[in-house]
There are 2 protein chains.
Amino acid sequence: MPQKDTALLTKSPLAPDQFPALAEISGVELRIARARYKEWDRCDLTFAELCEGTSVAGVTTSNICCSTEVEMTRENLKKGTARALVVNAGNSNAFTGFRGREAVELIIGKMAAHLGCAAEEVYVSSTGVIGVPLPMDKADAGIDAVITAAPCSWEEAAATIATTDTFPKGAGASAVIGGKTVHLSAIIKGSGMIAPDMATMLGYIFTDAAIEPAFLQALLTNATRKSFNCITVDSDTSTSDTVLVFATGKAGNAVLGSFDDPGADAFAAALDDVCLRLAHLVVRDGEGASKFIEIAVTGAVSNESARRIGMAVANSPLVKTAIAGEDANWGRVVMAVGKAGEPADRDRLAIRFADKWVAQAGLAADSYDEAPVAEHLKGSEISIGVDLGMGNGRATVWTCDLTHGYISINADYRS
Amino acid sequence: MPQKDTALLTKSPLAPDQFPALAEISGVELRIARARYKEWDRCDLTFAELCEGTSVAGVTTSNICCSTEVEMTRENLKKGTARALVVNAGNSNAFTGFRGREAVELIIGKMAAHLGCAAEEVYVSSTGVIGVPLPMDKADAGIDAVITAAPCSWEEAAATIATTDTFPKGAGASAVIGGKTVHLSAIIKGSGMIAPDMATMLGYIFTDAAIEPAFLQALLTNATRKSFNCITVDSDTSTSDTVLVFATGKAGNAVLGSFDDPGADAFAAALDDVCLRLAHLVVRDGEGASKFIEIAVTGAVSNESARRIGMAVANSPLVKTAIAGEDANWGRVVMAVGKAGEPADRDRLAIRFADKWVAQAGLAADSYDEAPVAEHLKGSEISIGVDLGMGNGRATVWTCDLTHGYISINADYRS
């Protein structure tokens, strides 16, 4: 495993015990190298080589100040095929103008020459500090090194795309399409600056399924709406957020083009599952997190209204610190619902922790007993329910608590 | 000075040296008492008696889950006259349904009987924990005690309305209207759950000027837009936010009814000044604050767009922790501008700290020297400038940094 660069990054208490066993994806080869974008001795450049005929779909940040990498990714997605993914860690290359663009063009040019592919088939992402141009010389030497490196594992690639992450993150699934089993293996990085609006963080899903780019895009957009767009660590939206899905087609299934094709539902379910598990992993590595919080909103006027109310609760510093303090301070949940700017009626509002209703019809529940709620809050998996009593809209969002750890990490990180 | 109830509340390093000397306002008498709404030995009930003929105007929270007190205040403001203000500290009485309403009606009934006034002329505010009905017996005894208490000072009243505040807050001004000098004396409380949308916190401005309620309301609404609505501590909007201005008319000036009346501009300027100073005091007592941050946005497509961009920067946990860490991490300012959802062009954006431009035209400024910026960030008064290069919209907003102190206060406060 590549070595981490700072003592701050002790493993999150919410991390899974180990990295999952992920299937090899035929048509994908992973390699890593040291470009030394920061003063650290770890691999920080990842290269995924993709076979000819690989379809690609993607979602990117809504942040207006997005990086050159994000702009070029959006442009490339129009073509819909991919041969290479290159990920630089330690420098986001965002807000670096023409200087940053030169480095990305260098990487693309070298990689296209190496693979004999079109420039539009090379995808580049970068993550790390904003405002410092990606150094041309380091990128140049890094690409030379990674091209000749030995293939590596999913876990090594997941660790190499990481920055302030405290553990490598991956998820896998499979589905059966017309008798053929297809596999999905995915890696993601992210722990701060997490409040996606279109996508979030850097996430890469690889599958050997054969699937048309337009349909792949529709499935990814739909999965994102229920996963990456329903998590938040700190309400801050990154300038580099990107999630890409690559489909090599090596599984030999009949090409999926729409939901009418046999197996399309199964593949969509597997993709949804992988996206949701990746999203949860990011929350579990939320900077300073000690508790994983699920907020289920029901009874809103629409699903989107429910999501917005859930995110208002999930982003409230006062709710997040109350959970950190194991304090059943449901009044702060009331406050956060009330500030969301969505339709709500104070006197129909109900709040629960776990399965205990603490407030109903605009005041404390008669049955409310704080003891079991206090017990629930001592755990690391917290469940909050909000019922608006207005309609049938529902959404579930996920976040983590706000602790001294977040302050320590972010008042020191850089420069 | 009333005693504080917890060792957490050491005085903010951003607090002024002392409470200002505020003019007595003819027609206003202040009294305080111990209702013991919490387990503390300090005064927590404030009563301002207002002479007959006092005009009143007010702004209240936009939080949908507002308290009974806020609802009744809005109702009372239609009448436009006031005889009493009662403020309960330690219990916000919000989200307490009919139980909370009974306590407020008790207070109003007793006070109206005492003064021989209409119920609609008694204003009640409450601040503190949400969801616990204001205890009837304590309110009852507290009103009896405060009616018979000796008059007190502005500073004592300011300390009595406080909850998690670390210092009492007041501001004063005067203006000349047709040869008559009028005075404004004001107190405010607030340090967390501060992200006003219509008004914020509990703030009370008293003046001896004679002014019609409708014009007073117009002036307060305008002043609020530039002061209370331009500050944030933690992006959370209180359920109880209220700012009221009372005008006793005892100064003997010709009644102000519009901007056409001589002296109206002078009075408006004095009111603006008091509101801005009160708003700044709240930021200076922001929970855990170690730095006072001014964010001036220029070149936006409109003033409101500039305000929203400023608030996106002011509410960003990553910007606030960078300032706490004295880190010239202007990339986080770029990120926050980009996520604001307002018109912006990355390649026209410029950022400064103090008077040093750190980024211009979409990348780091050629002239950028970190040393003077690092020096500026070591101070306690931080100035950030954002120029969008789009239009003539401008706004200035104020916030504080995000420190371990905020976590300590809010992971422990209650229950």
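A residue counts as partly exposed when the number of other C-beta atoms within 10 Å of its own falls between the limits for buried, 20 or more, and exposed, 12 or fewer. The legends below describe a predicted model.

**View 1. The loop residue E326(A).** E326(A) is located in the loop that joins helix 8 (317-324) to helix 9 (330-339) of chain A. Because 19 other C-beta atoms lie within 10 Å, E326(A) is partly exposed. Although E326(A) is not a glycine, its phi is positive, at about 55 degrees.

**View 2. The loop residue R36(B).** In chain B, the loop between strand 1 (28-33) and strand 2 (45-60) contains R36(B). This residue, which is other than glycine, has a positive phi near 55 degrees. R36(B) has 17 C-beta neighbours inside 10 Å and therefore counts as partly exposed.

**View 3. The two domains of chain A.** Chain A comprises domain 1 (28-284) and domain 2 (292-410). Their C-alpha centres are 33 Å apart. Where the domains touch, ten residues of domain 1 are in contact with 13 residues of domain 2. On the domain 1 side of chain A, the touching residues are four nonpolar, five polar and one charged.

Key: Residues numbered from 1 in each chain as written. Chains lettered and ligands numbered in written order. Predicted model: local features only at pLDDT ≥ 70, side-chain atom pairs only at ≥ 80, totals over all residues. Domains from an automatic or database assignment. Contact = placed C-beta atoms within 7 Å. Nonpolar A, V, L, I, M, F, W, Y, C, P; charged D, E, K, R; others polar. Helix = DSSP H or I, 4+ residues; strand = E, 2+ residues; numbered from the N terminus.
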